[in-house]
Amino acid sequence: MRIGELAAAVGVTPRAVRHYHHLGLLPEPERRANGYRDYTLRHMVVLARIRRLTELGLGLAEVRDVLADDAGRELVEVLGELDEDLARQEDEIRERRGRLRVLMEEARAGRLPAEGPVSPELAALFGKFGHAPHSPMATKDREVFALLETTATPEVRAEMLAGLESMMSVPGAVERAHEAYALLDALADAEPDDPRVAEAARVLAGLIPPEMVPQDTGIDLDNSGDDGGTVSFLRAFYADFAPAQAEAIRRTLRTLREDRP
């Protein structure tokens, strides 16, 4: 039996057969005098088993472990792990579908944030912030929070949401947030030494709870030097603002770090 006949009989491609040879999953047969491989029924049995195992979701490394254990103990163990993994995926899919239903309801009601799909918790906080009409800084602020929610660990994400909830629970917080946005928007064409920078930093620092700023870990908030991923993020973060706006945010972060208990 030639490779094409073997592949067709089992329902795979000749390329897949060669790949399994390369990985050592399927033994290579002896060649005839004319140079063609001569496959046997045993090759067909092994190839069919490889196909069944991969269709169950096993990776090729796991398939190798199963094939190496003639007694079948490895197969029971691997299938058990696969079943657990599929159960976790089912839970994740149910959670994602639940979030999708909420987002669809928000979209139908016209309440889906312009920043795109975010968690219900962050969407609710955006609602509490209210809208700052024609404020580029307000739009950018929401975009950054959406970015952080997407990239943060679950622990950091929970801390961020709790901090925002605490911030917005203070009377007058919405008005102060809009004031801070207006002050920062006014710095779009200003120089870093503009006197208005200090006022913007003061208002912003009075709005943000100090616990929302990480403790001093040696990272230079002025973004000098190279301290790895955190500094790379800060560099990109500051570069997205006008120079005077970036300076106001630097001063705010320094003040909050100094005031952190």
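1. Let's start with a pair of neighbouring helices: the axes of helix H7 (residues 136-151) and helix H8 (residues 154-168) come within 9 Å and cross at roughly 145°. Here axes are lines fitted to C-alpha atoms, for helices over the stretch in contact, and angles run from 0 to 180 degrees between N-to-C directions. On the H7 side, Phe145, Leu148 and Glu149 meet Arg157, Met160, Leu161 and Leu164 of H8; contact means heavy atoms within 4.5 Å. The residues of this contact divide into five nonpolar, no polar and two charged. In that count, Ala, Val, Leu, Ile, Met, Phe, Trp, Tyr, Cys and Pro are nonpolar, Asp, Glu, Lys and Arg are charged, and the others, Gly among them, are polar.

2. A word on what you are looking at. This is a predicted model, in which local features need pLDDT of at least 70 and side-chain atom pairs count only at pLDDT 80 or more, while totals for chains, interfaces and linings use all residues. Residues are numbered from 1 along each chain as its sequence is written, and side-chain values use heavy atoms, with hydrogens and water left out.

3. Now the whole protein. Its secondary structure comes to 12 helices and zero strands; helices (H or I, at least four residues) and strands (E, at least two) are DSSP runs, numbered from the N terminus. Of the 261 residues, 34% count as buried. Buried means under 20% relative accessible area, exposed over 50%, and partly exposed in between (1.4 Å probe, protein chains only). Among contacts between residues at least 6 apart in sequence, 58% join residues at least 24 apart.

4. Next, have a look at residues 79-106, which the UniProt annotation "coiled-coil region" covers, according to an unreviewed entry. UniProt positions are given in the numbering used here, feature names are shortened, and annotations may be inferred rather than shown by experiment. In the model, this stretch is 100% helix and 0% strand, with its end C-alpha atoms 40 Å apart. Glu81 is found in helix H5 (residues 73-108) and is partly exposed, at a relative accessible area of 41%.

5. Is His21 buried or exposed? It is buried, with a relative accessible area of 9%. His21 has its place in helix H2 (residues 14-23). Leaving aside neighbours within four places in sequence, His21 is in contact with Leu26, Pro27, Glu28, Pro29, Arg37 and Tyr39. Two of these partners, Glu28 and Arg37, also meet each other through their side chains in a salt bridge (3.3 Å, N to O). A salt bridge is a side-chain nitrogen of Lys or Arg within 4 Å of a carboxyl oxygen of Asp or Glu.

6. The structure holds 12 salt bridges. One of them joins Lys140 and Asp240, whose closest N and O atoms are 3.9 Å apart. Lys140 lies in helix H7 and Asp240 in the loop between helix H11 (229-239) and H12, so the pair ties together parts that are 100 residues apart in sequence.

7. Finish your tour in helix H12 (residues 243-259), where Thr252 has its place. Thr252 is buried, with a relative accessible area of 2%. Beyond its neighbours within four places in sequence, Thr252 is in contact with Ala201, Leu204, Ala205 and Ile208. The side chains of Arg254 and Glu247 meet in a salt bridge (3.7 Å, N to O), and salt bridges that share partners join Glu247, Arg250, Arg251 and Arg254 into one network.
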